[in-house]
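Open the model in a viewer and keep the selection panel at hand. The stops below are meant to be taken in order.

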There are 2 protein chains.
Amino acid sequence: MQLLLPEVKELLENKDFDSLKALLSESEPVDIASLIEELPISLQVVLFNLLDLETSYEVFEHLDPRDEIEILKLLDENRAVKILNEMAPDERADLFEQLPEEDAKHFLAFMEAEEVKDVKELVKYPPETAGGIMTTEFAWVPDSVTTGDAIDFLRKQEVDFDFYQVYVLNKRKQLLGIIDLKDIIVSPPSTPIKKIMDKIPSVPLNMDQEKVSNLISKYDLPSIPVVDKNKSLHGIVTVDDVIDVIEDEYTEDAYKFGAAGKPPEDYLSTSTLNIAKSRIVWLIVLLLASFGSGFVIQSFSTVLQKMVTLAIFIPLLLGCAGNAGIQAASVVIRGLATAEIKLSHIWRVVRKEFLIGILVGIGLGIVASIRAFAGQRALMLGLTVGLSMTAAITVATTLGGLLPIVFKKLGFDPALTSGPLVTTIMDITSLLIYFSVAVKIMQ
Amino acid sequence: MQLLLPEVKELLENKDFDSLKALLSESEPVDIASLIEELPISLQVVLFNLLDLETSYEVFEHLDPRDEIEILKLLDENRAVKILNEMAPDERADLFEQLPEEDAKHFLAFMEAEEVKDVKELVKYPPETAGGIMTTEFAWVPDSVTTGDAIDFLRKQEVDFDFYQVYVLNKRKQLLGIIDLKDIIVSPPSTPIKKIMDKIPSVPLNMDQEKVSNLISKYDLPSIPVVDKNKSLHGIVTVDDVIDVIEDEYTEDAYKFGAAGKPPEDYLSTSTLNIAKSRIVWLIVLLLASFGSGFVIQSFSTVLQKMVTLAIFIPLLLGCAGNAGIQAASVVIRGLATAEIKLSHIWRVVRKEFLIGILVGIGLGIVASIRAFAGQRALMLGLTVGLSMTAAITVATTLGGLLPIVFKKLGFDPALTSGPLVTTIMDITSLLIYFSVAVKIMQ
């Protein structure tokens, strides 16, 4: 049975809680969470209170932090504290970072000591670092045991989280190695753990999340341990955290390529004024840069005065060159992001884009000159438009391919080569080409 | 010790194979693979032959399919067949799909029967489906055993791949459930498997890879089983396959937003002519569309003739409106992709973008009119430029926010709202606004 918003709303309004409970018991926590997010806050809490405790933990973790905070405040305090005690440590730390200080203090006073310690440790680390995204739930065994002892040791810990790998620590809690659960099982019970454990790369607490995620996906690891300067194990970052990091990084790249500023925490709930502020910065910079294109036209205004028909083809030429530049830039930015294109490929890329530019430029040049000739019956104009188109597109494609690599070489993010930046530069360049060709040919 | 290209090249050229072997034995397979990809093919094979068999398997799987094929052809046949027998089934199937038919037949003749069967099964499925990305290596136990028997059963299978979850199958190999390895270990050995196994969603062989990857990341699964119509288990898709799928999907989105056609298998090795062909299609369509902007200017050419200074601000106005449109489109496309924006939010988004457009438009309008007034000492011109700028940016922002949602509603990919599409539409719209305002004010 599917969980449908109108149906659930109706049951809630009719206070038909028994049918609702039956419906909820058949649904996945993540689907219940999606549904709750669509409800108004008053109904959110009613629905949430209908869940059994175990399910409510899982549903809660799938909510947006915004909804988590609102629900937490309206819940029965006892239940709220239970939920906070049960949450995955990394999710809980994210929540506390966004909770108003007063509320945070209030809840911490009621939570279990162990969990309070966890929260206090995790909120210390900046959110975009290994420490900020790690969880403190991991399975471990001492380095002195055999595989048989290890199974007993793990059984006694009564862990309530999933784990697939076990970390091997010495007496000072320093990380010595890792062992797959599978290897513990398939080895004879008397095998010393030290003999079958593997070495594993670890990352420091302050490593940037993007680097951590690249390591995990490069080496195909299910998780990576996070250690302090003394090599003590503090937590682990798991492969599903990586998927979130990849999503975040791509969103940042997409915003950069659109010159749209930094992504807000949540688009719909961020104030319009704040979004407008973050967008106008780039637009003003680009507007000032595009004064350049005004100057070019101004300095050729006598030519334009003699032949106003030249103006007809300005948007067409600038549009095409901008488009070709955006194409090349988006291809090369993506290539750099997936490491398909490396810095050492710079000249191969430039040569390739230059050739693509010539081919594409000739094609578009022919179409544009036919249009100019057919519309205006002017051979010279057709020739001017066609030649400038070919030249402008060649420059645009080459520049679109070159700029991201240059940005990366200089230590900037290649995605800063935004579409708007490319089109603005190309506007000026294309106008210069157009009028220079026009002057030459008209003479 | 780090693996550095110039050093390795020197050792290869001096035939100092002992130092090279020592160096390689200290390096990670994935790093050796990256290095091999930078070498010319003749040296690739020499280096590859220096690796011990076990390492060579791992290195090989990390190579690009292009390099895999070249190396395979030049290797000693015995070694080549060994590598093919050892590869992960999903990676091997990808390789065979790209191998020329003759070579494929040749290698299949020497491979082990089991592996040949695997290849033949896997290449049947289209590459972008669950069947195409799944691996056939998974751990399973019969539904009739206890946890203690299960451990013995797994030990006897002597599996050489990593696994964290065990599938429970009945006598007809139908999937009944799943059990975490951890739960097998921590439960008393006499527990019947059936009692502690969990239900798990499965996907059909022909499900699109994007849907499979969404399921895995939505439900935070380490893997998902792939079944046929009879619910028989054929393979599993794991979370690290998901990362590859997500990367592929991002690349497709980035290409779409750049109007750059379909991403080629490999940018650097795809012929320039083919890339040019895939790019010119969109450019020609957009060029034809931008004839519209030519017609607008043409129909206002008497106005322009009277006042050539109007032309100075055309690129500036069109540029800014295009940029504002690209900003809004990239934000909304990303919001739709992460499901932060849903189809039901259409009017909230449009209202928000409309307001952002007015705010940003007024800001840019003021700057642009100051420039127009200061540069040309013409009050009327300043007013025309400022007002048109505000209006054009408001339209551009609203349109940039609206188009992706409309595309999605119509069943198209929102990323088809490319930057070039937005700028081309805005060119025509902005020119219409500009000249209409000019005519009104100049009168």
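This is a predicted model: local features need pLDDT of at least 70, side-chain atom pairs count only at pLDDT 80 or more; totals for chains, interfaces and linings use all residues.

**Stop 1: strands in chain B.** Select residues 139–142 of chain B, which form strand β1, together with residues 165–169 of chain B, strand β2. The two strands run parallel and are joined by four bridges. To find one of these pairings, pick Pro142(B), whose bridge partner in β2(B) is Leu169(B).

**Stop 2: two helices in chain A.** Move to chain A and select helix α20, residues 314–337, and helix α21, residues 346–376. Their axes come within 11 Å and cross at roughly 150°. Angles over 145 degrees count as roughly antiparallel, so α20(A) is roughly antiparallel to α21(A). The crossing of α20(A) past α21(A) is right-handed.

Show side chains where the helices touch. From α20(A), select Leu316(A), Cys320(A), Ala324(A), Ala328(A) and Val332(A). Facing them from α21(A) are Val349(A), Glu353(A), Gly357(A), Val360(A), Leu364(A) and Ala368(A). Colour this contact by residue class: nine residues are nonpolar, one is polar and one is charged.

**Stop 3: between the chains.** Finally, display chains A and B together. How many residues of chain A are in contact with chain B? The contact involves 94 residues of chain A and 93 residues of chain B. Coloured by class, the chain A side has 55 nonpolar, 22 polar and 17 charged residues.

How values were computed:
Residues are numbered from 1 along each chain as its sequence is written. Chains are lettered from A and ligands numbered from 1 in the order in which they are written. Two strands pair if DSSP finds at least two bridges between them. Axes are lines fitted to C-alpha atoms, for helices over the stretch in contact, and angles run from 0 to 180 degrees between N-to-C directions. Angles under 35 degrees count as roughly parallel, over 145 as roughly antiparallel, 65 to 115 as roughly perpendicular and the rest as oblique. A crossing is left-handed if the near helix is turned anticlockwise from the far one by less than a right angle, and right-handed if clockwise. Two residues are in contact if their C-beta atoms, placed from the backbone, lie within 7 Å. Ala, Val, Leu, Ile, Met, Phe, Trp, Tyr, Cys and Pro count as nonpolar, Asp, Glu, Lys and Arg as charged, and the others, Gly among them, as polar.
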